[in-house]
Amino acid sequence: MSTFLKDFRHGRSARPARCATAALLLSVLVAACAGGEGAGPSPAPTVAQVLVQPAQHALVAGQTATYIARALDAQGVEVSGRAVEWTSTDPAIASVSVVGLVTALTPGTTTIRATVDGKTGAAALEVTQVPVAAVVLDLATVQLVPGDTRTLVATATSATGAVLPGRIVTWATGDAAVATIDGAGRVTAVAVGETQVSATIEGRIAHAAVSVRPAPVATVTISPTPLVLEVGERQQLTAVAKDARGTILQGRVAQWSVDNATAVTTPTGLVTGMRHGYATITATVEGVSVSIGGTIIEPTPTDHDLVYYRQSVNGSAELFVLPLDGIADPVRINAGTVSRTPTASPDGKRIAFAVVMEELGTGTRVDDIFAVDRTGLHMKRLTSLDGFDDLPDWSPVGNRIAWHHWERGGRSDIWVMAADGSAQVNLTGDMSANGFRSAPSWSRDGQRIAFSQSESGPGGTTASIWTMRADGSDKRQVTSTTTGFDSSPTWSPDGQRLAFLRYYGAEADITIIDVTTLVSTRLPVLGLESGPSWSPDGTLIAFSLGGRGDLYTLRPDGTGLRLRTVNAAWGGGLAPQWIKR
């Protein structure tokens, strides 16, 4: 028993402070007794529900938030001091600590739960990705050559610069004709040019400039080889450039050169043998060079040369014979300075030709056929019809000459006569007066004559090649065209084919046609050809080419193009015909 109680029971007085304390204690005891006999402590409130706040929430992966759990009794009065158990229905999406600290881990939805005294409350949580703030490409510029590839890497970053892995990239190209790009970011160069590619991640875009440059030349080859040419013969060479991978580089231009005057070459690689000897031909493509040797040999012997006329700038025209040995100079025929379109007798001793002039003193126009010995002697006028006579052709058999006669303002026909000018006959007088017939050519057997005709009608001008017998009978049309112009026929020695000129606008090419099947073959030669003439042995066709009129030959299959006037000092030539040596 405390001292206070002892003092109280025995009626002892205590100190004032002690007396005050005792009085307070006594009042407490009295108040307790007043509650009634047998009363105990109040029972603890029961948790009826649990509220989790916030009830709905959204976090970006990597963010945290503190959740609160409120325990309420049946009257909605908050019950405090109870233990809370926190859980996440998908801890891979978001975790929660024992104190309600939620950490967002990966995109998705989960539920955060709080349990208090067996009662559970829940809150929905959506975890979203960290938004892409920028896209970064590992290369800002890409330089390629056609066929090359390069793979780009696109990286997504957050606003803080953190790398965001696993984001889907969409790739695109600005010009697929220059460069393509696939879903893996692999850029493939297609053709020379400039474009850009882009990488898009969740609306953010990054660009890279793509420059496709021509592949550098690694090697150059020349074909064909070996190169063996006769004097005057031409061969088109081709330079092929390749890159380091062996891919042929299209469109590269070669620079051609020859080390000496034995041969010459054009800028396109057309090589001409100029004299007997050896030359080195070099092709250079973008600094890479290759050389081949060329052997120039003497021409193949032949028993025929070329007779032709050369027209000077002052209008004069003279006859020449060009030896086909590639060495000797042309020989001038003493037939005046107004002589054109020569043709030789079968033995080569006499030449018929057309004269175009005005007589001195009288001013009389002369457009007639003359003949002269190869030596320039025994000149004779063969025709004197009113009109224009030209384009004579001496029959290879017998002693007859066919020529073109055009009446002034009237008909144009093919005539024949004896070599002395007698027995003149119009062979095409039965044909249309509207037709303009020209350029007669004898077959090697002297049985048929080919000629050209042009005729104007409602549908335009029709140009054609015809043949007939030497007496003018059995006329047959061999060709017909309204889009070009056929002229200047010449027979093959076997009489089975005709070579003629077909004009295509500003271009003319020698064309060969089978007179039986009428199947034709074009022999394209760069330039404007004129005056084809088939050699007596059938191996060559002579013709004039270009503005200066250089004389060429080629084989009937279109190969073996060969310059015959190899010396520039010889000048050009027109209307070449074959003459027996």
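What volume does the largest pocket have? About 950 Å³. Before I go on, a word on the source: this is a predicted model, where local features need pLDDT of at least 70, side-chain atom pairs count only at pLDDT 80 or more, and totals for chains, interfaces and linings use all residues. Residues are numbered from 1 along each chain as its sequence is written, and side-chain values use heavy atoms, with hydrogens and water left out.

Back to the pocket. A pocket here is an open set of points on a 1 Å grid over the protein atoms alone, where a 1.4 Å probe fits, with protein on both sides within 12 Å along at least five of seven lines. Its volume is the space filled by probe spheres set on those points, joined across faces, edges and corners. Lining residues have an atom within 4 Å of a point. The largest pocket has 45 of them, and the closest to its centre are Pro 342, Pro 392, Asp 393, Pro 532 and Gln 577. Strand β36, residues 388-394, gives the largest share of the lining, 7 residues. Strands are DSSP runs of E, at least two residues, numbered from the N terminus. By class, the lining has 25 nonpolar, 13 polar and 7 charged residues. Asp, Glu, Lys and Arg count as charged; Ala, Val, Leu, Ile, Met, Phe, Trp, Tyr, Cys and Pro as nonpolar; the others, Gly among them, as polar.

Now the rings. Rings of Phe, Tyr and Trp (its six-membered ring) pair if their centres lie within 6.5 Å; planes under 30 degrees apart are stacked, over 60 edge-to-face, the rest tilted. That rule gives 7 aromatic pairs. One is Tyr 308 with Phe 320, stacked, 6.0 Å centre to centre and 20° between the planes. Tyr 308 is in strand β29 (304-311) and Phe 320 in strand β30 (317-322), so the pair ties together parts 12 residues apart in sequence. Tyr 308 is buried, at 0% relative accessible area. Phe 320 is buried too, at 8%. Buried means under 20%, exposed over 50%, partly exposed in between, with a 1.4 Å probe and protein chains only.

Next, Phe 353 and Phe 370. Their ring centres are 6.3 Å apart and their planes at 25°, so this pair is stacked. Phe 353 sits in strand β33 (350-358) and Phe 370 in strand β34 (365-373), so parts 17 residues apart are tied together. Both residues are buried. Ring pairs also link Phe 388, Trp 406 and Phe 436 into a cluster.

Which charges sit over rings? Arg 310 lies over the face of Phe 320, 4.1 Å from the ring centre. Arg 408 has its charged end over Phe 388, 4.6 Å from the centre. The rule asks for NZ of Lys or CZ of Arg within 6 Å of the ring centre and within 35 degrees of the ring normal.

Then Asp 486, in strand β44 (485-491). Is Asp 486 buried or exposed? Buried, at 1% relative accessible area. Its side chain makes a polar contact with that of Thr 479, at 2.8 Å. Another, of 2.7 Å, joins the side chains of Asp 486 and Arg 502. A polar contact is a pair of N or O atoms within 3.5 Å; within protein, one must be able to donate a hydrogen and the other to accept it, and residues adjacent in sequence count only if both atoms are side-chain atoms.

Last, the backbone. Most peptide bonds are trans. Gln 53 and Pro 54 are joined by a cis one, omega about 0°.

Note on methods: Helices (H or I, at least four residues) and strands (E, at least two) are DSSP runs, numbered from the N terminus.
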